[in-house]
Amino acid sequence: MPLPLATATEGISPDNVSGNSTVPRHIAVIMDGNGRWAAARGLPRLAGHRAGAEAVTRCLKAARAKGVEYLTLYAFSSENWRRGPDEVADLTGLLRFYLRHKVNELHKQNVRILFVGDTHRFGQDLCDELAHAERLTGANTGLTLLLALSYGGRSEIVQAAKAIARAAMRGELDPDSIDETVVSNHLLTAGIPDPDVIVRTSGEHRLSNFLLWQSAYAELVFLEQMWPDFNETTFNQILEIYARRERRFGARPA
Ligand code: IPE
Ligand code: IPE
Ligand code: MG
């Protein structure tokens, strides 16, 4: 089935762009700006997070429509625990609500759901719901939705280093055989291709501990828009920007 093409960019029309080369296989998003979106409207931060959760649905719909295979969403960082119990409770409550109300719908849409991060920090109840969502959707063959929850890139690399060291101590792994593939295979994202593009909304220009290893050759796209305003037009804009980029991976320019 031919995949829908990205919206035309200067000099490129949907007719002369071949196949899905303009559609990234894996898009990762740092969904930022909920608090500022709410503050600009005189609303509490929770209202921003609620509106942000609705933007997730729009983003997912657009990604499925365009044939994106992997969508990774940074929903809660390992540093976001610093926000204090009120905001953490609001965010956890929203997560629980969406798990309860959306997982069946996502399952019907053939979406496979996976979680990465120190999810045990959210408590057993929520972990059980996450495990249920992963189990229910595990055999689905449509878009893979990877939700980063209590995720931190540095701690992910640390835990991979520990696991590799333990395997070496047990004699199961020769230290000289450790290469990039071995490290990748010990990350939480083992088996998932690196993101082709990492998007951050809200005008901030940093990764904030997101996919530090996996981002090595990702195209970075920084948008001014606040996450709750994210919609299909934004998504198409990302595809246009991506289509204009020349990915060289260290080789000579074409
Ligand atoms: C992103 O929005 C949501 C999370 C980090 C959980 P923020 O809550 O960071 O919103 P701003 O950056 O304060 O506007
Ligand atoms: C990054 O946003 C984390 C998520 C979007 C989940 P933050 O708002 O936490 O990042 P900083 O603090 O501005 O770097
Ligand atoms: Mg923020």
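Which residues does Ile27 touch, not counting residues up to four places away in sequence? Keep that in mind for the first close-up, and remember throughout that this is a predicted model.

**View 1. Ile27 and the largest nonpolar core.** Here is the reply to the opening question: Ile27 touches Val68, Tyr70, Leu71, Thr72, Val197, Val199, Phe235 and Leu239, with residues up to four places away in sequence left out. The largest nonpolar core has 41 residues, and those with the most contacts inside it are Ile27, Leu71 and Phe235. Helix H3 supplies the largest share of this core, six residues. Apart from it lies another core, this one of 14 residues, among them Ile30, Tyr74, Leu114 and Leu146. As background, nonpolar side chains in soluble globular proteins tend to be buried together.

**View 2. Helix H2 alongside helix H3.** When two helices pack, the angle between their axes and the distance between the axes describe the arrangement. For H2 (residues 45-66) and H3 (residues 85-108), the axes come within 10 Å and cross at roughly 25°. Angles under 35 degrees count as roughly parallel, so H2 and H3 are roughly parallel to each other. Their crossing is right-handed. On the H2 side, the contact is made by Arg45, Leu46, His49, Arg50, Ala53, Glu54, Thr57 and Leu60, while H3 brings Glu87, Asp90, Leu91, Leu94, Tyr98, Lys102 and Leu106. Sort the residues of this contact by class and you get seven nonpolar, two polar and six charged.

**View 3. Helix H2 again, now with helix H7.** The axes of H2 and H7 (residues 232-244) come within 9 Å, crossing at roughly 50°. That makes H2 oblique to H7. H2 passes H7 in a right-handed crossing. Look for Cys59, Ala62, Ala63 and Lys66 of H2, which make the contact with Glu232, Phe235, Asn236 and Leu239 of H7. The residues of this contact divide into five nonpolar, one polar and two charged.

**View 4. Thr92, a buried residue in H3.** Thr92 lies in helix H3. Is Thr92 buried or exposed? Its relative accessibility is 11%, and the cut-off for buried is under 20%, so Thr92 counts as buried. Leaving aside neighbours within four places in sequence, Thr92 is in contact with Phe122 and Leu126. As for Cys59, it sits 33 residues from Thr92 along the chain, and their C-alpha atoms are separated by 20 Å.

**View 5. Asp118, in a loop.** You'll find Asp118 in the loop between strand S3 (112-116) and helix H4 (124-137). Asp118 has a relative accessible area of 30% and is partly exposed. Not counting residues up to four places away in sequence, Asp118 touches Leu149, Ser150 and Ser155. Ser77 is 41 residues from Asp118 along the chain, yet their C-alpha atoms are separated by 9.5 Å.

**View 6. Leu187, buried in another loop.** Leu187 lies in the loop between helix H6 (180-185) and strand S5 (197-200). At 5% relative accessibility, Leu187 counts as buried. With residues up to four places away in sequence set aside, Leu187 touches Glu156, Ile157, Gln159, Ala160, Trp213 and Gln214. Between Leu187 and Pro175 there are 17 Å in space, C-alpha to C-alpha, and the two are 12 residues apart in sequence.

Key:
Residues are numbered from 1 along each chain as its sequence is written. Chains are lettered from A and ligands numbered from 1 in the order in which they are written. This is a predicted model: local features need pLDDT of at least 70, side-chain atom pairs count only at pLDDT 80 or more; totals for chains, interfaces and linings use all residues. Side-chain values use heavy atoms; hydrogens and water are left out. Axes are lines fitted to C-alpha atoms, for helices over the stretch in contact, and angles run from 0 to 180 degrees between N-to-C directions. Helices (H or I, at least four residues) and strands (E, at least two) are DSSP runs, numbered from the N terminus. Angles under 35 degrees count as roughly parallel, over 145 as roughly antiparallel, 65 to 115 as roughly perpendicular and the rest as oblique. A crossing is left-handed if the near helix is turned anticlockwise from the far one by less than a right angle, and right-handed if clockwise. Contact means heavy atoms within 4.5 Å. Ala, Val, Leu, Ile, Met, Phe, Trp, Tyr, Cys and Pro count as nonpolar, Asp, Glu, Lys and Arg as charged, and the others, Gly among them, as polar. A nonpolar core is a set of buried Ala, Val, Leu, Ile, Met, Phe, Trp, Tyr and Cys residues joined through side-chain atoms within 4.5 Å. Buried means under 20% relative accessible area, exposed over 50%, partly exposed in between (1.4 Å probe, protein chains only).
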